Amino acid sequence: ENTTLLSKIGSHFLFFRKRYIMTMLGFLQGEEKDNKGRYLFDYWEADNQWLEETYDYIQWMFPLDVRSFHHPFVAPALKNDEIEIAKHDESIQNNMIMSFQRILEFYGLRLNEVENKIEKNDSFQERSKVWLVVKNHNHLRLTRIIKSMRLLGLETYAEMLLDFLIELVSEVDCFTKTTRSIWMELKIKK
């Protein structure tokens, strides 16, 4: 009787695990919704105010292999098998780059693919007022973005953003010692 119960629990676990994998990967492919019923393209089309004031999308847009410390139940952490699938899925890779470009726009930045670097765009002066302030939550978001892009095989993009931020640290005094240390550590760990 216990064996039957355990096998039922095990099969339910496998069903939900499989469903979760499909949901996270399906979301990154742009085919399935997040836990609030939004598609990835909804994030891309959202205005900057929504991106600033909404705290539960960044974990889906830039997933990690660990749960968010501040929002642990917003999105699941990626498992190794999902990471490997995502690294080799062309639609996920393209969508991650689209998400990256959208979030750069939010920060007043742009991707210069000719020179392989991130640079300020025409809206940087205005947009920087939102995030270039002391102890801003966007500093954590930027760290997540770098880690997510690396995790999903898009190291070049992560390095471009990290290089930009490390240079910015020398120009602007709004980043905490912890944030600066994390970014320097990420640079060293490549």
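Figure 1. Glu 159 is buried, at 14% relative accessible area (buried means under 20%, exposed over 50%, partly exposed in between, with a 1.4 Å probe and protein chains only). The model is predicted: local features need pLDDT of at least 70 and side-chain atom pairs count only at pLDDT 80 or more, while totals for chains, interfaces and linings use all residues. Residues are numbered from 1 along each chain as its sequence is written, and side-chain values use heavy atoms, with hydrogens and water left out. The side chain of Glu 159 meets that of Lys 187 in a salt bridge of 3.9 Å, N to O (a side-chain nitrogen of Lys or Arg within 4 Å of a carboxyl oxygen of Asp or Glu). This pair links distant parts of the chain, with Glu 159 in helix α9 and Lys 187 in helix α10, 28 residues apart. Helices (H or I, at least four residues) and strands (E, at least two) are DSSP runs, numbered from the N terminus.

**Figure 2. Lys 187 and Asp 163.** Lys 187 also forms a salt bridge with Asp 163, where the closest N and O atoms are 2.4 Å apart. Lys 187 belongs to helix α10 and Asp 163 to helix α9, so the bridge ties together parts that are 24 residues apart in sequence. Lys 187 is partly exposed at 22% relative accessibility, and Asp 163 is partly exposed at 37%.

**Figure 3. Lys 120 and Glu 171.** In this salt bridge the closest N and O atoms of Lys 120 and Glu 171 are 3.6 Å apart. Lys 120 is in strand β2 and Glu 171 in helix α9 (residues 155-171), so that distant parts of the chain, 51 residues apart, are linked. Both residues count as partly exposed, Lys 120 at 36% relative accessibility and Glu 171 at 47%. The whole structure holds 11 salt bridges.

**Figure 4. Thr 179 in helix α10.** Thr 179 lies in helix α10, which covers residues 177-189. Its relative accessibility of 11% makes Thr 179 buried. The side chains of Thr 179 and Thr 176 are joined by a polar contact of 3.0 Å (a pair of N or O atoms within 3.5 Å; within protein, one must be able to donate a hydrogen and the other to accept it, and residues adjacent in sequence count only if both atoms are side-chain atoms).

**Figure 5. Two loop residues with positive phi.** Asn 116, not a glycine, has a positive phi of about 50°. Asn 116 sits in the loop between β1 (109-112) and β2 (117-120) and is partly exposed at 48% relative accessibility. Lys 135 has a positive phi near 50° and lies in the loop between α7 (124-131) and α8 (137-151). Lys 135 is exposed, with a relative accessible area of 67%.
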